[in-house]
Amino acid sequence: IILLVIGTMFWGTSFVFIKEAVSSISIYSFIGLRFLIAGLKLAMIFPKRILRIGKSTLKSGLVLGTILFLSVWTQTYGIQFTTASKAAFITGLSVVFVPLFLALIKWKFPGLKIIIASIVATCGLGLLTLSESVSLNVGDIWVLLCAVFFAIYIIQVSVQAKKYDAIQLTFVQLILIGVLGLIISIAQSDFSIPESGIVWFDILFTALFCTTFMFTIQNVYQKYVSEVTASLIYAFEPLFAAITAYFYLAEILGMKVWIGGLLIFLAMLLVEIRFKKS
């Protein structure tokens, strides 16, 4: 639980550093460098396990990595046009999307609690993103897509992580995303090596703490706590992001944003809390 809380804190702070980094280098350069460094660091820690990756693990990792790449790409692109704190709250909607998607997959009614949580989350999203002209910020739409892809990723991880070595599965995903990021950035002729020490700090922090550390912790140790406990811990990610954005980027959150974020946070808690019959 302690490791998951620390990792969630890192995830929350990552929005600030991503926003800062992509203001100086292309998003694909950032994604490529971040995930390649993260994957290489994981290989340095577990070299023997990485060398024993089999074909089935490789295939599963490539599928998961593709889904995660879409989530990371849409989030990194969208965060350029919105605030770090708003992006974190919107990304947190993945917790609400998971049970909805599972209900669709199994052709089952999601339940009254999920319906209520979805309505509450939608109201929160509206307060958080809609302007007085009732228009969505383009960045908010991209981050919302990130939440959809990440919900799909969570569902797939819950299936695949039980079949294969978590370290090997994580390594394949990280390397795939890193290579895709570099290939696209080179193809678009916008790959660049950062010259600023601040940007390198952003890349290394997100690579080592938010990627190598947290994705490994999530895949290896989440099975030792209940799904309810883990999800409640992850629900605090937007709070860590808002606090970091306030102190690091001096982002001032208006009352409407606070209320919208609070509604999304309550929706996430409502989804994960299990009510027992008396």
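## Serine 189 and the model

Serine 189 sits in the loop between helix 9 (166–187) and helix 10. Helices here are DSSP runs of H or I with at least four residues, strands are runs of E with at least two, and both are numbered from the N terminus. Serine 189 has a positive phi of about 60° although it is not a glycine. Most residues other than glycine have a negative phi. The residue is exposed, with a relative accessible area of 68%; exposed means over 50% relative accessible area, buried means under 20%, and partly exposed is in between (1.4 Å probe, protein chains only).

This is a predicted model, in which local features need pLDDT of at least 70 and side-chain atom pairs count only at pLDDT 80 or more, while totals for chains, interfaces and linings use all residues. Residues are numbered from 1 along each chain as its sequence is written, and side-chain values use heavy atoms, with hydrogens and water left out.

## Fold and confidence

The chain contains 13 helices and 0 strands. Of its 278 residues, 50% count as buried. Among contacts (heavy atoms within 4.5 Å) with a separation of 6 or more, residues 24 or more positions apart account for 90%. The chain exposes about 13500 Å², and carbon and sulfur atoms supply 72% of that area. Accessible areas come from the Shrake-Rupley method with a 1.4 Å probe; for residues, only the protein chains shown count as cover.

The average pLDDT of the chain is 83, and 90% of the residues score at least 70. pLDDT is the predictor's confidence in each residue, from 0 to 100. Confidence is lowest in helix 11, at a mean of 63, and highest in helix 2, at 94.

## Salt bridges

The count comes to 2 salt bridges, a salt bridge being a side-chain nitrogen of Lys or Arg within 4 Å of a carboxyl oxygen of Asp or Glu. One joins the side chains of aspartate 165 and arginine 49, at 2.9 Å from N to O. This pair links distant parts of the chain, with aspartate 165 in the loop between helix 8 (138–160) and helix 9, and arginine 49 in helix 3, 116 residues apart. Aspartate 165 is partly exposed, with a relative accessible area of 25%. Arginine 49 also counts as partly exposed, at 29%. Helix 3, which holds arginine 49, covers residues 47–51. Leaving aside residues up to four places away in sequence, arginine 49 touches Asp165, Ile167 and Gln168. Its C-alpha atom is separated by 10.0 Å from that of phenylalanine 171, 122 residues apart along the chain.

Aspartate 140 forms a salt bridge with lysine 86, and the closest N and O atoms are 3.4 Å apart. Here too the pair links distant parts of the chain: aspartate 140 is in helix 8 and lysine 86 in helix 5 (residues 84–91), 54 residues apart. Aspartate 140 counts as buried, at 2% relative accessibility. Lysine 86 counts as buried as well, at 13%.

## Two buried loop residues

Serine 26 lies in the loop between helix 1 and helix 2 (27–45) and is buried, with a relative accessible area of 16%. A polar atom of the serine 26 side chain is 3.3 Å from the backbone oxygen of aspartate 190. Polar contacts are pairs of N or O atoms within 3.5 Å; within protein, one must be able to donate a hydrogen and the other to accept it, and residues adjacent in sequence count only if both atoms are side-chain atoms. Not counting residues up to four places away in sequence, serine 26 touches Ser185 and Asp190.

Alanine 235 is in the loop between helix 11 and helix 12 (237–248). With a relative accessible area of 1%, alanine 235 is buried. The C-alpha atoms of alanine 235 and methionine 268 are separated by 6.4 Å, and the two are 33 residues apart along the chain.

## Nonpolar surface patch

Ile2, Leu3, Ile6, Met9, Tyr221 and Tyr224 make a nonpolar surface patch of about 600 Å². Patches are made of residues with over 30% relative accessible area and no salt bridge; like charges are joined within 9 Å, and nonpolar side chains (Val, Leu, Ile, Met, Phe, Trp, Tyr) within 5 Å. Helix 1 (residues 2–21) gives the most to the patch, with 4 residues.

Tyrosine 224 is found in the loop between helix 10 (197–221) and helix 11 (227–234). Tyrosine 224 is exposed, at a relative accessible area of 59%.
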